[in-house]
Amino acid sequence: MTRLFLSVNAILFIGFGVYVFFTAPEIFQNMGFGDLGSNALYEVRSNYGGVSLGIGLLCAFAAFKSKLERPALFILMTYTGGYALGRILALPYEGTPSMALIGYGVFEAVDAVLAALLLKSEGNG
């Protein structure tokens, strides 16, 4: 089950990372951010594209190398859990986000919980 979970996350994060890296202006314009300057796009490409790509690669390696399973699950739990927590804590300040951002938050929360459950169920937690 862990290898399947890591494989699915590898595909999703690598795909998302590459997609964001190459389409950052359009994605963020469609989300209501407007036109982003070159410094903002640099940060978006590195933080959303590069970091997602890195986590996806970690998940891919961990799917085939059991000694990387625990670190990958822990990183997924904290990374996606941190995003989900941040989105929840921002609600009183920002109000209801777009459906796309709600979708990201649901994915992040579910991913974090599943990673935590896999850590615990396999005696890794």
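**Figure 1. Tyr-83 is partly exposed in this predicted model.** The relative accessible area of Tyr-83 is 26%. Tyr-79 pairs with Tyr-83 edge-to-face.

**Figure 2. Six aromatic pairs turn up in a search of the whole structure.** One of them joins Tyr-48 and Tyr-83 in a tilted arrangement. Their centres lie 6.5 Å apart, with 35 degrees between the planes. Tyr-48 comes from helix H2 (residues 38-64) and Tyr-83 from helix H3 (residues 69-94), so the pair ties together parts 35 residues apart in sequence. Tyr-48 has 30% relative accessibility and therefore counts as partly exposed.

**Figure 3. Five aromatic residues form one cluster.** Its members are Phe-13, Tyr-48, Tyr-79, Tyr-83 and Phe-107. Tyr-48 and Tyr-83 supply a tilted one.

**Figure 4. The charged end of Arg-45 sits over the ring of Phe-21.** The distance from that charged end to the ring centre is 5.8 Å.

**Figure 5. Asp-111 is buried yet has no salt bridge.** This residue is part of helix H4 (residues 99-121). The nearest side chain of opposite charge belongs to Arg-87, 12 Å away. A salt bridge would require a side-chain nitrogen of Lys or Arg within 4 Å of a carboxyl oxygen. What does Asp-111 contact, leaving aside neighbours within four places in sequence? Its partners are Phe-5, Asn-9, Phe-13, Leu-76 and Thr-80.

Figure 6. The pattern along the sequence is α-α-α-α. The C-alpha atoms fill a box of roughly 45 × 30 × 20 Å along the principal axes. For 125 residues, a compact globule would have a radius of gyration near 14 Å; the chain has 15 Å, which agrees. Buried residues account for 28% of the 125 residues. Asp-111 is one of the buried residues, whereas Tyr-48 is partly exposed. Among contacts between residues at least 6 apart in sequence, 74% join residues at least 24 apart.

Notes: Residues are numbered from 1 along each chain as its sequence is written. This is a predicted model: local features need pLDDT of at least 70, side-chain atom pairs count only at pLDDT 80 or more; totals for chains, interfaces and linings use all residues. Side-chain values use heavy atoms; hydrogens and water are left out. Helices (H or I, at least four residues) and strands (E, at least two) are DSSP runs, numbered from the N terminus. Buried means under 20% relative accessible area, exposed over 50%, partly exposed in between (1.4 Å probe, protein chains only). Lys and Arg count as positive and Asp and Glu as negative; His and the chain ends are not counted. Contact means heavy atoms within 4.5 Å. Rings of Phe, Tyr and Trp (its six-membered ring) pair if their centres lie within 6.5 Å; planes under 30 degrees apart count as stacked, over 60 as edge-to-face and the rest as tilted. A charge sits over a ring if NZ of Lys or CZ of Arg is within 6 Å of the ring centre and within 35 degrees of the ring normal. The radius of gyration is taken over C-alpha atoms; the globule rule is 2.2 Å times the number of residues to the power 0.38.
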